[in-house]
Structure formats: C-alpha cells, structure tokens
Amino acid sequence: MFKHIPSYPGDPILSLMHTFMKDDRPHKANLSIGLYYDEAGKIPVLKSVELAQQRIDESVPHVYLPMEGDNTYRRLIAETVFGADHVAVKEQRVATIHTLGGSGALKVGADFLKTYFPDSELWISDPTWENHYNILGGAGLVMHTFPYYDPATNGIRFDEMMAALEQLPARAIVLLQPCCHNPTGIDPTREQWTAIADVLLRRNVIPFFDMAYQGFGDGLDEDAWVVRHMAAQGAAMLVGNSFSKNMSLYGERVGGLSVVCNTSAEAGQVLGQLQATVRKNYSSPPLFGSRVVSGVLGDPELRAMWAAEVTQMRKRIHEMRAALRSGLKARLPDLDVEYFVTQRGMFSYTGLGQAQVDTLRDEYGVYLIKSGRMCVAGLSHGNLELVADSMAKVMQP
Ligand code: LMR
C-alpha cells in the first residue's frame with residue numbers, strides 16, 4: 001500500500017539538531033537551530049517562568065480549551081504585541097487566538113487568508129526562514145519573493161525592495177518580520193520601516209507580520225514598533241507572535257495570531273472564522289503553556305522579572321556577537337566582520353558557503369545551517385575559542 005511513499009530527507013534545520021546530539025566529540029557547538037543557550041551552554045528555565053509554574057493549581061481538571069484559547073492568555077498576547085493602551089486594542093478591533101507557537105500562527109493565518117482571499121498571492125523576503133515555504137505554500141498560497149538581502153553590503157537592498165512593494169496588486173499578502181530577521185539578522189531601520197509601512201498602506205495590501213523574536217532585537221516594545229505603528233494607522237493585517245524564544249518555552253507551543261480589523265464588528269466575524277480554522281486543523285490549543293505564560297504576564301512582579309530576563313538574554317547575545325567579532329579580528333585583521341554586531345537577534349548570515357559550513361561541522365564540530373546562517377544565541381565563552389578558531393580557518397583568504 002505505502003510502497004510508493006518516498007523517504008523523507010529530513011528537515012534542513014531540525015535534522016541538524018539531531019546530528020549534533022549524536023555527535024560524540026567533546027568539543028562542539030550547536031549554532032544551527034534557533035535556540036537560546038545561556039552562558040553555561042544550557043537552554044534556560046527563566047526564573048519568572050519557574051515561579052509562574054509553581055503557582056499553577058494542579059488540581060484544576062485538564063479540560064479542553066476553547067478553539068481560540070483561554071481568554072486571559074489571549075488578552076495578554078494582545079497587550080504584549082500591541083501594548084495595553086494601543087488604540088486598536090481599546091477599540092476592540094483585534095481578534096486574537098492562541099496558536100501552536102509562531103508556526104501555528106502562520107498556518108492558521110494562511111488557511112484563513114486562502115479561504116477568504118482566494119485570489120491573493122503572497123510576497124516574502126529573499127531569503128527567508130526555510131519553513132515559511134512549507135507552511136505558507138503548503139496552505140495553498142502562491143508565493144513570490146521581494147529583494148531583501150544584499151551580500152555585497154551585508155545590508156538590505158532597500159531601493160529594490162521598495163520598488164517591488166510599489167508594484168504589488170491590492171490585497172496582495174506581504175510577509176514581514178518586524179524584528180530579528182530570520183535568517184539574515186538584518187532589520188530595516190525605523191526610517192525604513194516608516195517608508196515600508198507607507199507603501200503597504202498606499203497599495204492596500206495585507207501585511208502578515210511574523211514576530212518570533214520579540215525582545216531579542218532592541219527591546220520588547222521597540223521590536224514591535226512597526227506592528228504598532230501600522231495598526232495605529234488603520235491597517236488591516238495579521239500578526240503572529242511566539243513565546244518560544246523569549247520565554248524559553250519552545251515545546252509548550254505558546255504563540256498567538258492577531259488579526260487587526262477596521263471595526264470591532266469585523267473583529268467578531270474574523271474571530272469566528274479563526275475558531276473554525278482551528279477546529280478544522282487541530283480543534284483546540286494545549287492548556288499548560290498558556291497557563292504558564294498567563295501566570296507570568298498577568299502578575300506585575302513576574303512580568304517585570306521576565307522583562308529583565310529578556311533584557312539579559314538580549315544583552316548576552318550582543319556581547320557574544322562582539323566577542324566573536326573581536327575573536328575573528330584578532331585572527332584575520334583584514335576581514336570585515338563588522339556585520340556580526342550590526343545584525344540583530346538570534347541569527348547572523350555569515351556569508352559562508354556550503355563547503356565552508358561542511359568543513360566547520362565535519363572537521364571542527366561547529367554546526368551552522370547550510371545557508372551559512374549562524375545562531376549566535378548558541379555562543380558562549382565556553383565555545384567561543386573553538387568557533388573563532390575554526391571560522392578563521394575556513395574564512396582565511
Ligand atoms: C529556526 O529557524 O531555527 C527556528 O525558527 C526553529 C525552527 O523550527 O526552524
């Protein structure tokens with residue numbers, strides 16, 4: 001019956017994680033998948049999260065959540081993404097649901113758009129997270145790219161990007177990452193975001209923001225700037241967010257999808273269709289993670305503790321970026337590696353090619369993904385020498 005089923009070559013990001021875990025060399029560094037490791041090389045349990053977890057009443061029955069998730073969790077998502085005083089939140093124009101991480105938000109959002117905007121096609125940055133193609137294309141959306149990364153300058157091809165956005169048909173869908181662009185680490189400046197927002201509003205397109213790393217760029221509020229700006233300008237749009245990284249709750253699948261509408265009546269209609277989309281996909285979201293997140297965000301003391309922990313993680317990433325730049329500069333003084341400190345978030349596009357990435361992994365136990373993307377959040381003082389030494393070897397002219 002199943003003879004014709006081809007074997008699965010594995011996911012390019014997730015299978016590397018597997019290979020890394022099986023690698024028994026004593027000195028190795030996992031800089032492939034987007035995981036934040038602490039200075040001790042461990043995936044942390046945040047103190048705020050641990051305390052929230054301890055306060056959970058374990059005698060409460062494990063009932064099904066509603067299709068859209070728990071109301072408190074949904075309100076707290078909207079407040080984190082938009083800010084509690086945002087005009088769209090106050091006017092009840094935002095329909096928010098719990099999704100299975102940021103990936104779940106992409107899937108539910110894509111299914112919703114495919115159903116209600118069947119003729120709309122999707123534009124996405126070149127390059128983008130590999131799995132965007134699987135999730136969004138898999139939902140049936142026809143996908144195109146717009147220019148983004150410029151290898152010559154290690155920056156954005158901003159003029160070309162703007163020219164492409166200027167050509168979009170009305171109701172086109174544009175996927176954007178408000179902060180910490182995956183895979184490049186290169187974000188538009190505030191001035192560039194303002195110009196991007198203007199053209200998106202003028203072209204009457206549907207922005208779909210994928211915000212998986214809120215707080216890892218410049219701050220929890222700063223990273224959401226363009227989302228809040230466009231929602232305040234009256235844009236109808238979608239925002240996916242995730243607590244996987246910023247609460248270190250990867251496996252709990254705690255994310256959200258918010259659809260910003262023009263009126264609260266529209267938001268009611270949209271919420272109903274999001275519920276229906278969830279029901280068709282997986283019926284309802286998991287309970288435990290949302291209780292933990294609500295425990296953190298709903299308690300002023302724990303929320304402040306969490307914000308401080310996010311700041312700490314962000315600062316450590318910046319420090320490791322600077323340390324890697326210095327380490328490489330010391331070994332290869334003529335090489336321009338300034339981009340390590342100008343890029344933002346967990347990822348850095350190193351410009352390394354497939355052969356260099358293979359050598360790093362096979363000869364030195366340093367794992368990057370094949371596009372040359374490095375997860376700088378996996379660096380620590382414990383593996384920095386190994387990484388700088390081996391990178392210098394493969395980068396020397
Ligand atoms: C990544 O890009 O490494 C993360 O978003 C994790 C994943 O699922 O790919």
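1. Axes here are lines fitted to C-alpha atoms, for helices over the stretch in contact. In this predicted model, the axes of helix α5 (residues 101–116) and helix α6 (residues 130–138) come within 9 Å and cross at roughly 35 degrees. The crossing of α5 and α6 is right-handed. On the α5 side the contact involves S103, L106, K107 and A110, which meet N131, I135 and L136 of α6. Of the residues in this contact, 4 are nonpolar, 2 polar and 1 charged.

2. Two cis peptide bonds deserve a check. One runs from D126 to P127, with omega near 5 degrees; P127 sits in the loop between β3 (122–126) and α6. Another joins N182 and P183, with omega about 20 degrees, and P183 is in the loop between β7 (173–176) and α8 (190–203). For context, most peptide bonds are trans.

3. Two non-glycine residues have a positive phi. R253 has a phi of about 55 degrees and is found in the loop between β9 (237–242) and β10 (255–260). R253 counts as buried because it has 21 C-beta neighbours inside 10 Å, the threshold being 20 or more. S283 has a phi of about 80 degrees and lies in the loop between α10 (264–281) and α11. S283 has 10 C-beta neighbours inside 10 Å and therefore counts as exposed, the limit being 12 or fewer.

4. Helix α11 (residues 288–297) is largely enclosed by the rest of the structure, because 9 of its 10 residues are buried. The buried residues are G289, S290, R291, V292, V293, S294, G295, V296 and L297. Their cover includes α2 (47–54), α3 (71–82), β2 (94–99) and α12 (300–331).

5. The domain assignment divides the chain into domain 1 (14–45 + 303–395) and domain 2 (71–298). Their centres, taken over C-alpha atoms, are 27 Å apart. Between them, 23 residues of domain 1 are in contact with 22 residues of domain 2. On the side of domain 1 that touches domain 2, α12 and β11 (347–349) each supply at least two residues, and α12 gives the most, with 7 residues. That side of domain 1 consists of 13 nonpolar, 6 polar and 4 charged residues.

Definitions and conventions: Residues are numbered from 1 along each chain as its sequence is written. This is a predicted model: local features need pLDDT of at least 70, side-chain atom pairs count only at pLDDT 80 or more; totals for chains, interfaces and linings use all residues. Axes are lines fitted to C-alpha atoms, for helices over the stretch in contact, and angles run from 0 to 180 degrees between N-to-C directions. Helices (H or I, at least four residues) and strands (E, at least two) are DSSP runs, numbered from the N terminus. A crossing is left-handed if the near helix is turned anticlockwise from the far one by less than a right angle, and right-handed if clockwise. Two residues are in contact if their C-beta atoms, placed from the backbone, lie within 7 Å. Ala, Val, Leu, Ile, Met, Phe, Trp, Tyr, Cys and Pro count as nonpolar, Asp, Glu, Lys and Arg as charged, and the others, Gly among them, as polar. Domain bounds come from an automatic or database domain assignment.
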